[in-house]
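The structure is shown first.

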Amino acid sequence: MNTSTLDKLRKMKFFGMFHAFKSSMETGKTNDYTADELLAHLVDAEWDDRQNRRIERTILYARFRYKASIEDVHYHADRSIDRNQIMRLADCTFVDRFENLLITGSTGIGKSYIASAVGYQACVLGYRVLYTSTPKLFAKLKMAKADGSYMKELAKIERQQLLILDDFGIQPFDAQSRAALMEIIEDRHGKTSLIITSQLPVSKWFEVIGEKTIADAILDRIVHDAHRIELKGESMRRKRNVEPENSH
């Protein structure tokens, strides 16, 4: 009878229940539970399994460059990282309020790691997240414009509750990329959140975006009331001879 029950649980894809019941039988613990306790144990196991698989799918879909954790952020005094600020950002209420986070600093100092760590935390809390390199995103959108999938790509971006644009401002925006950026920002403004990392200080973004009217409109929507982290100090790559941005 138990074998038949296990087979049915597996076929119905109740994998949490399957493993919990199988383990209980193998260890003889089924006799230790009342009927109510066994049912509660199996339901809890199924709930936890589904939650874990949902988080795994969300993280996989986000396509992070690094596996990052809030707990592993290093708060060196010379980097000007406020631990309390990071902890407040980690609860992701800024996403509920449709606020943005801007992280600036020199190459290799850990901007991408912090952005990824906050993004991972958002995935754990159930938010839809997409992480992308800014140059790669706009190259992809140019290709989408050519093959007719542009609106589909924009719709996919708009559905994300948190969009992480890494390496913003590495190269100036041309007219097509500038127009695409304006569309993305306009679609998301007041409805979703952004995390942007950049080697350039925010004061230099106007020049990188170009076209005064569009740059004004974009920056007004990005920067207004945004949270800011301005990392200082020497590149962690030079200190540790590691890959850029892969430090924390």
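Helix α6 is largely enclosed by the rest of the structure, because 12 of its 14 residues are buried, each with under 20% relative accessible area. The model is a predicted one. The buried residues of α6 are K111, S112, Y113, I114, A115, S116, A117, V118, G119, Y120, A122 and C123. Helix α6 runs over residues 111–124 and reaches 20 Å from its first C-alpha to its last, close to the 20 Å expected at 1.5 Å a residue. Just after α6, G126 has a positive phi of about 100 degrees.

Two helix pairs are described next. Packed helices are described by the angle between their axes and the distance between the axes.

| Helix pair | Axis angle | Axis distance |
|---|---|---|
| α2 (residues 15–27) and α3 (residues 35–62) | roughly 135 degrees | within 7 Å |
| α8 (residues 150–159) and α9 (residues 175–188) | about 40 degrees | 10 Å |

At their angle, α8 is therefore oblique to α9, and the crossing of α8 and α9 is right-handed. On the α8 side the contact involves Y150, L154, I157 and E158, and on the α9 side A180, E183, I184, D187 and R188. The contact of α8 with α9 holds 5 nonpolar and 4 charged residues, with no polar ones.

Helices α2 and α3 are likewise oblique to each other, and their crossing is right-handed. From α2, the residues F15, G16, M17, A20, F21 and S24 meet L38, H41, L42, V43, A45, E46, D49 and R53 of α3. By class, the contact of α2 with α3 has 8 nonpolar, 3 polar and 3 charged residues.

How values were computed:
Residues are numbered from 1 along each chain as its sequence is written. This is a predicted model: local features need pLDDT of at least 70, side-chain atom pairs count only at pLDDT 80 or more; totals for chains, interfaces and linings use all residues. Side-chain values use heavy atoms; hydrogens and water are left out. Axes are lines fitted to C-alpha atoms, for helices over the stretch in contact, and angles run from 0 to 180 degrees between N-to-C directions. Helices (H or I, at least four residues) and strands (E, at least two) are DSSP runs, numbered from the N terminus. Angles under 35 degrees count as roughly parallel, over 145 as roughly antiparallel, 65 to 115 as roughly perpendicular and the rest as oblique. A crossing is left-handed if the near helix is turned anticlockwise from the far one by less than a right angle, and right-handed if clockwise. Contact means heavy atoms within 4.5 Å. Ala, Val, Leu, Ile, Met, Phe, Trp, Tyr, Cys and Pro count as nonpolar, Asp, Glu, Lys and Arg as charged, and the others, Gly among them, as polar. The expected span of a helix is 1.5 Å times one less than its number of residues. Buried means under 20% relative accessible area, exposed over 50%, partly exposed in between (1.4 Å probe, protein chains only).
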